[in-house]
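Dear colleague,

Please find the structure below.

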Amino acid sequence: MKPTLAPAEAAPVPRAEPAASGERLSVRVEGLRLDAEVGVYASEHGRKQPITVSLEAEVVSEAAHPGADLGHAVNYAALAETVRQVVGRQHHELLEDLAQALADTMFADPRIVRIALKVDKLTALADAASVGVSYERWR
């Protein structure tokens, strides 16, 4: 008679977690709709036109894990309010100028390590949903 092997009890196999070599956290605001004084043409001076601003702000790791201390978190509502203030502060000749002014202001916060912005005019061309610029800056 041949010896038989009893089926082994299935022991749980520990799952290997991949080693993290880094992490990124970004805070986003998509499609913030504002009325702005922007444009180089005489017809664009002294009047507001609709724009949208979208941004993605990559933050330092300390801001990625604020725990109970929300003071360390980068707040999307505060980012949106910053956009509103910069847009409303003055007439911007070009969308590129506006995007750079937004990046300058956002980078005053040392927790932001990269900012990606999209600024679009919504009524510049009758046959286009929008026209605009994308701008990115990092430390």
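Two strands are taken to pair if DSSP finds at least two bridges between them; helices (H or I, at least four residues) and strands (E, at least two) are DSSP runs, numbered from the N terminus. The model is a predicted one, in which local features need pLDDT of at least 70 and side-chain atom pairs count only at pLDDT 80 or more, while totals for chains, interfaces and linings use all residues. Residues are numbered from 1 along each chain as its sequence is written, and side-chain values use heavy atoms, with hydrogens and water left out.

Strand pairing

S1 and S2 run antiparallel and are joined by 10 bridges. Within this pairing, Arg 33 stands opposite Thr 52 in S2. S2 also pairs with S3 in the antiparallel sense, over nine bridges, and here Ile 51 stands opposite Lys 121 in S3. Buried denotes under 20% relative accessible area, exposed over 50%, and partly exposed the range in between (1.4 Å probe, protein chains only). Because 10 of the 11 residues of S2 are buried, this strand is largely enclosed by the rest of the structure.

Ser 54

Ser 54 belongs to strand S2 and is buried, at a relative accessible area of 11%. A polar atom of the Ser 54 side chain lies 2.8 Å from the backbone nitrogen of Gly 31. With neighbours within four places in sequence left aside, Ser 54 is in contact (heavy atoms within 4.5 Å) with Val 29, Glu 30, Gly 31, Ala 116, Leu 117 and Lys 118.

Salt bridges

Side chains of opposite charge can pair when their charged atoms come close. A salt bridge is counted where a side-chain nitrogen of Lys or Arg is within 4 Å of a carboxyl oxygen of Asp or Glu. The structure holds nine of these salt bridges.

One of them links Lys 121 with Glu 44, with 2.7 Å between the closest N and O atoms. Beyond its neighbours within four places in sequence, Glu 44 is in contact with Val 38, Gly 39, Gln 49, His 91 and Lys 121.

A further salt bridge joins Glu 30 to Arg 28, where the closest N and O atoms are 3.4 Å apart. Glu 30 counts as exposed, at 52% relative accessibility.

Arg 84 and Glu 81 also form a salt bridge, their closest N and O atoms being 3.2 Å apart. The two residues are three apart in helix H2 (residues 76-89), which means that about one helical turn separates Arg 84 from Glu 81. Arg 84 is partly exposed, with a relative accessible area of 37%, as is Glu 81, with 36%. Elsewhere, salt bridges that share partners join Arg 24, Glu 56, Glu 58, Arg 114 and Glu 136 into one network.

Aromatic rings

A charge is said to sit over a ring if NZ of Lys or CZ of Arg is within 6 Å of the ring centre and within 35 degrees of the ring normal. The charged end of Arg 137 sits over the ring of Phe 107, 5.8 Å from its centre. Arg 139 lies over the face of Phe 107 as well, at 4.1 Å from the ring centre.

Yours sincerely

How values were computed:
A polar contact is a pair of N or O atoms within 3.5 Å; within protein, one must be able to donate a hydrogen and the other to accept it, and residues adjacent in sequence count only if both atoms are side-chain atoms.
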